[in-house]
Amino acid sequence: MSENHIGQPHARIDGRAKVTGNARYAADFNQPGQAYAVIVGASIGLGRVLEVDDEAARQLPGVLAVLTHVNAPKLAYAPHKGFIDPAHGERLHVLQDDRVQFYGQPVALVVAETLDQAEHAAGLLRIRYAAEAPVSDPLDKRAEAVVPEAGREPGPRSADRVRGDPEAALAAAAIRIDAGYDAARENHVPIEPNATIAAWSGDRLTLWSKSQFVVNEQAEIAAILGIPAEHVHVICPFIGGAFGTSLRTWPHVTLAAVAAREVGRPVKLVLSRRQTFHLAGHRPRTLQRVALSATPDGKLTGILHEGTGETSRYEQFVEALTSVTPFLYGCPNVRTSYRLAPLDISTPTYMRGPGEATGVFALECAMDELAYALEMDPLELRRRNEPRMDEGLQLPFSSRSMLACYERGASAFGWSRRTHAPGSMRDGRMRIGWGMACATYPAFHGEASARVRLLPDGTAEVEAAASDMGPGTYTSITQIAAETLGLPMSGVRFRLGQSDFPPTPPHGGSMTLASVGSAVRSACLAARDQLEARAGRIDGSIEASATASPDAEARQRFSMHAFGAVFVEVAIDPDVGTIRVRRVVGAYGAGRIVNPRLAASQCTGGMVGGIGMALMERTALDPRDGRPVNSHMADYLLPVNLDIGTLEPHFVDEVDPHVNQLGVKGLGEIALVGVAPAVANAVFHATGKRIRELPIRIEHLIEH
Ligand code: MOS
């Protein structure tokens with residue numbers, strides 16, 4: 001009766017619900033008697049609110065409340081740091097005082113019978129400020145870099161790491177490069193904006209809220225409001241893309257809950273597209289320097305990688321900007337350092353491939369520069385520096401299929417037909433460029449729990465608090481449960497996205513399948529044991545729960561990462577400087593692939609994100625007030641179908657017995673990592689122009 005589901009290309013089991021509009025997202029859970037809230041954001045970038053004149057707004061029909069720091073309830077804000085909150089600093093306390101710390105910070109909330117009335121009233125508020133001059137650019141002379149508090153401890157997340165003597169190696173080397181890189185601030189821009197509907201029933205609060213981490217949203221809102229966590233229930237069955245923007249619980253969730261309590265009715269609060277650009281995190285802008293030295297035959301002798309990321313003044317957001325550098329290649333002398341530039345902006349957050357995407361951009365562009373300094377094929381340079389172990393941690397890799405990825409990717413792409421000289425490949429009048437880069441991302445695993453019920457009709461129900469922002473979690477977890485229980489896919493009903501389901505780690509960091517999948521497998525095995533103990537008879541239902549934890553011992557003994565190689569072809573029109581990515585081939589060693597169809601879909605999505613990072617995405621701030629000026633979908637450029645050519649993910653066979661019981665490493669992040677440097681390197685190959693700034697734009701390529 002056992003069926004093999006793991007490894008099968010099952011279609012998404014929620015696909016029909018999504019395309020027919022039956023999938024319900026946070027803002028779809030309209031409640032009887034619901035009112036609407038609109039956030040009014042500060043129109044200055046720094047300073048104080050002197051006065052909010054709400055007279056005209058209050059006289060409009062339908063207006064139920066206008067909350068400002070003057071009349072909003074004082075909230076408990078009990079200490080709470082979720083797994084995904086910055087370790088250093090304190091979250092924004094919304095409407096608790098008159099300070100304005102960034103452009104668009106909520107300074108008032110209008111609640112009305114209808115959305116139109118709330119928006120109209122919001123526009124009638126007259127707010128006077130005492131404005132100061134904000135610093136919103138890390139290159140501003142007033143910006144000062146600091147050592148991140150969270151990076152002071154020793155270990156992989158420390159700010160500074162060194163082995164050998166890289167300065168001496170660089171000074172002694174005949175061949176070296178030294179370059180600076182600037183990667184733009186980006187926003188996540190998912191289709192679904194951040195949204196919450198809040199409803200109180202007595203002292204109990206229900207939140208239908210877009211969240212990648214419902215158990216944390218529950219804990220955090222309880223801490224902010226000073227109520228027991230059991231009194232908060234968070235529901236989020238579907239997410240319309242997130243990429244990190246809904247990992248943290250941002251202030252609009254608090255505002256929805258407060259407003260609902262104030263007006264005694266359910267309240268819906270949906271961020272406008274503009275508001276999502278400054279109220280829900282962003283990928284921080286980063287400035288980096290990479291210096292490399294090598295022997296004439298291409299062996300790395302020294303690596304220096306310095307990176308600075310922007311953060312807010314009230315929290316230190318840290319990411320893995322330079323953490324890949326100590327282990328991606330073999331090299332005896334390596335120094336990495338990581339700094340933060342606190343600015344008058346809202347706190348950045350994780351965005352797909354957080355840290356790795358920008359750090360690998362700098363390192364992999366630098367490797368390409370070194371290859372040209374050596375007159376060596378860029379892929380051959382990488383082959384010659386393949387390490388036998390993680391030289392940073394001095395540990396073996398649990399598995400590393402980089403050489404196989406080079407092989408597979410290069411052959412699928414046709415890399416051997418590349419001619420080395422910049423500008424040497426043409427297609428008619430178009431300049432053709434072929435570039436490549438490596439990708440890597442840690443194989444994270446977080447403790448997760450799951451519950452399984454075997455019903456008398458022979459089907460099973462499985463529950464875990466997890467989210468599914470698009471990778472296909474509903475489907476892949478159902479595959480694992482069905483296979484473990486020996487049931488058809490249709491015999492398993494997997495439910496997720498509720499804070500009263502067994503807890504799971506954040507739906508991020510590419511760890512959902514490893515973590516939730518392991519918990520579900522463990523729970524299914526426990527249920528099977530119970531069934532066998534009862535000799536196969538189910539009278540009443542059988543229920544089993546399990547918690548699966550990372551193997552701490554294995555994680556001490558091995559360095560665990562997924563690896564990949566990305567190959568890109570660009571075609572550049574030399575007259576107008578337009579760049580088109582014709583082809584992307586990515587080869588990944590990411591452990592067991594539970595569903596090759598979903599995995600390929602994950603990877604093509606990540607490649608699109610990487611093309612956006614390379615060529616389009618950039619949130620531009622007005623230096624006068626730190627306002628994101630292009631905070632809407634007309635001016636924040638994203639790749640659309642016509643921008644995308646052929647995307648071709650490959651998975652090399654990789655069996656990793658150490659990462660977790662399923663042997664999966666996760667794919668969400670690695671699929672974006674490596675794409676931007678491969679594009680930048682292809683642009684160099686096509687034109688001979690080394691662009692060290694993202695996104696690469698027409699003005700970088702046009703001769704003046
Ligand atoms: Mo992703 S940045 O781990 O949501």
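1. In this predicted model, Glu217, Ile221, Ile224 and Leu225 of helix α5 are in contact with Val253, Thr254, Ala257, Val258 and Arg261 of helix α6. Sorted by class, the residues of this contact comprise six nonpolar, one polar and two charged. Helix α5 covers residues 214-225 and helix α6 covers residues 251-263; their axes are 10 Å apart and the packing angle is about 55°. That angle makes α5 oblique to α6, and the crossing of the two helices is right-handed.

2. Helix α6 also contains His252. Is His252 buried or exposed? His252 counts as buried because its relative accessibility is 4%, where the limit for a buried residue is under 20%. Setting aside residues up to four places away in sequence, His252 touches Ile39, Asn194, Ala195, Thr196, Leu269 and Leu271.

3. Helix α15 (residues 596-615) and helix α16 (residues 675-687) have axes that come within 8 Å and cross at roughly 50°. The two helices are therefore oblique to each other, and α15 passes α16 in a right-handed crossing. On the α15 side, the contact is made by Met607, Gly610, Ile611, Met613, Ala614 and Leu615, and on the α16 side by Val675, Ala676 and Val679. This contact has eight nonpolar residues, one polar residue and no charged residues.

4. The aromatic residues form a further topic. How many aromatic pairs does a search of the whole structure find? The search finds 18 aromatic pairs. One of them is formed by Trp415 and Phe567, with 5.4 Å from centre to centre and 65° between the planes, an edge-to-face arrangement. This pair links distant parts of the chain, since its members are 152 residues apart: Trp415 is in the loop between α11 (402-413) and β18 (425-427), whereas Phe567 is in strand β24 (residues 561-572). Trp415 and Phe567 are both buried. Elsewhere, Tyr25, Phe238, Tyr474 and Phe494 are linked by ring pairs into a cluster.

5. Ala173 lies in the loop between α4 (166-172) and β9 (175-183). With a relative accessibility of 13%, Ala173 counts as buried. Apart from neighbours within four places in sequence, Ala173 is in contact with Ser293, Ala294 and Thr301. Ala173 and Thr301 are 128 residues apart along the chain, and their C-alpha atoms are separated by 7.7 Å.

6. Phe243 has a phi near 60°, a positive value in a residue other than glycine. Phe243 is in the loop between β12 (232-235) and α6, and its relative accessible area of 31% makes it partly exposed. Gln394, which is not a glycine either, has a positive phi of about 60°. Gln394 is placed in the loop between α10 (378-384) and α11. Why does Gln394 count as exposed? Gln394 counts as exposed because its relative accessibility is 51%, and the limit for an exposed residue is over 50%.

7. Leu694 and Pro695 are joined by a cis peptide bond, with omega about -5°. Pro695 is found in the loop between β29 (693-694) and α17 (698-701).

Notes
Residues numbered from 1 in each chain as written. Predicted model: local features only at pLDDT ≥ 70, side-chain atom pairs only at ≥ 80, totals over all residues. Heavy atoms only, no water. Axes fitted to C-alpha atoms, helices over the stretch in contact; angles between N-to-C directions. Helix = DSSP H or I, 4+ residues; strand = E, 2+ residues; numbered from the N terminus. Parallel < 35°, antiparallel > 145°, perpendicular 65-115°, else oblique. Left-handed = near helix turned anticlockwise from the far one by under 90°. Contact = heavy atoms within 4.5 Å. Nonpolar A, V, L, I, M, F, W, Y, C, P; charged D, E, K, R; others polar. Phe/Tyr/Trp six-rings, centres within 6.5 Å; stacked < 30°, edge-to-face > 60°. Buried < 20%, exposed > 50% of the residue type's maximum accessible area, 1.4 Å probe, protein only.
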